[in-house]
Every structure is written in C-alpha cells, then in structure tokens.
Amino acid sequence: SHQNADFYKTVEDKNVPSYDILTTNPPYSKGHKERTLAFCIASKKPWMLLVPNYVCAAPYFHRVLKHRSMDDRPFFLAPHVKYEYQHRDPKHVSRIKGQTAPFYGWWFMDFPGRNQWFLERCRNVFKDKPVDVYAESEVHEKGLVPYNTRQLV
C-alpha cells in the first residue's frame, strides 16, 4: 500500500520500505533531480525516472555514475511528443500555447547489471512506436540534449 511520506526523511531515517523497482517523477525544482538520482544509483536496484532530457548532460549525472561502465549506465526512452505539465502557479506557464516545459521529459531507466539486455528489449518493443530508445553514448554522439545546461539544471 502507498503511504504519503516525506521521501527524504524516510531515506535519512533508513526506513525505506522494501521494493523491487522505483518509478517516479521527482520535482524538477533545484536539487530534487540530483538527490533522487543519487538515491537511485546508491540503491543498486532497478529504477525509472521521468525527468528532463537535459539531466543526462548535467555534471551531477556523470558524477553519480562515474563508477559505472558505459555498458552498464542508464538508458533513455524518449517520447516523440512532449509531456504536458500542469503547474499550479500561472507565472510558470509559457505564453506559447500554455506550455510549461521548454524541454522533453524522458524516462531514464536503470537495471543495474542488465542494462544492455533491457535496452535491446525496449528497442524491440518500441521499434514501431512514437518513442525512441537511446543508450547514453548515442545521446551524446547525436547531440540530442543541450550541453550548456547551467541555465537549465
């Protein structure tokens, strides 16, 4: 069963409930993406995070994954259409068609020790769907995310 709890307090108190896979969409405000990613990597369990695509170019992404080989780093599901986000504060809504996000939300997926296997399976499953599946090296080679992320992260 799901309980409403302060995630960071639960982690701090070492009271994280048992789970098989973590799937979440953390807040995008400063610090949350990095803290959630750090928890996921440290857990050594499978996880899927819906975060802005530019996170894979952020220094903190590379810092928390520096011990992992390129063959065992997270991979990405990139929907062809932007997710629409609803923000409670109207000042965050773009004047362009009511958009709230100037970026694409991608699913970052990590199955420690089995990423290549899952990457290939996802490519097969999504080959005729409006979503692309990328390894981290492909994202960088194809220039799919901005590298000047100081203003975005």
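These are my notebook entries on what I looked up in this predicted model.

**Ground rules**

I number residues from 1 along each chain as its sequence is written, and my side-chain values use heavy atoms, with hydrogens and water left out. The model is predicted, so I follow its limits: local features need pLDDT of at least 70, side-chain atom pairs count only at pLDDT 80 or more, and totals for chains, interfaces and linings use all residues.

**Entry 1: the overall layout**

I started with the elements and found 5 helices and 5 strands. I take both from DSSP runs numbered from the N terminus, helices being H or I with at least four residues and strands being E with at least two. Read from the N terminus, the order is α-β-α-β-α-β-β-α-β-α.

Next I looked up burial, and 35% of the 153 residues count as buried. My cut-offs are under 20% relative accessible area for buried, over 50% for exposed, and partly exposed in between, with a 1.4 Å probe and protein chains only. The accessible surface comes to about 10,200 Å², and 52% of that belongs to carbon and sulfur atoms. The areas come from the Shrake-Rupley method with a 1.4 Å probe; for residues, only the protein chains shown count as cover.

I also checked contacts, meaning heavy atoms within 4.5 Å. Of the contacts with a separation of 6 or more, 71% are between residues 24 or more positions apart.

**Entry 2: aromatic pairs**

How many aromatic pairs does a search of the whole structure find? I get 10 of them. Rings of Phe, Tyr and Trp (its six-membered ring) pair if their centres lie within 6.5 Å; planes under 30 degrees apart are stacked, over 60 edge-to-face, and the rest tilted.

I looked at Phe7 and Phe39: their ring centres are 5.1 Å apart and their planes stand at 85°, so I note the pair as edge-to-face. This pair links distant parts of the chain, with Phe7 in helix 1 (residues 7-12) and Phe39 in helix 2 (residues 32-43), 32 residues apart. Phe7 is partly exposed at 31% relative accessibility, whereas Phe39 is buried at 16%.

Then I turned to Phe75 and Phe111, which are stacked, with 6.3 Å centre to centre and 25° between the planes. Phe75 sits in strand 3 (residues 75-79) and Phe111 in the loop between strand 4 (105-110) and helix 4 (115-125), so the pair ties together parts 36 residues apart in sequence. Both partners are buried: Phe75 has 2% relative accessibility, and Phe111 has 10%.

I also noted one aromatic cluster made of Phe61, Phe76, Trp106, Phe108 and Tyr134.

**Entry 3: the nonpolar cores**

I use "nonpolar core" for a set of buried Ala, Val, Leu, Ile, Met, Phe, Trp, Tyr and Cys residues joined through side-chain atoms within 4.5 Å. Which members of the largest core touch the most other members? Of its 26 residues, they are Leu37, Trp47, Cys56, Phe61, Phe76, Trp106 and Phe108. At least two residues each come from helix 2, strand 2 (47-52), helix 3 (59-64), strand 3 and strand 4. Helix 2 gives the most, with 4 residues.

I followed Cys56 further. Leaving aside neighbours within four places in sequence, Cys56 is in contact with Phe61, His62, Phe76, Trp106, Phe108, Val139, His140 and Val145.

**Entry 4: Leu65**

Is Leu65 buried or exposed? Leu65 is buried, at 0% relative accessibility. I place Leu65 in the loop between helix 3 and strand 3. Beyond four places in sequence, Leu65 touches Ile41, Arg73 and Pro74.

**Entry 5: two lysines with positive phi**

Lys14 has a positive phi of about 55° although it is not a glycine. I find Lys14 in the loop between helix 1 and strand 1 (22-24), and at 76% relative accessibility Lys14 is exposed.

Phi of Lys44 is also positive, near 60°. Lys44 is in the loop between helix 2 and strand 2, and at 68% relative accessibility Lys44 is exposed.
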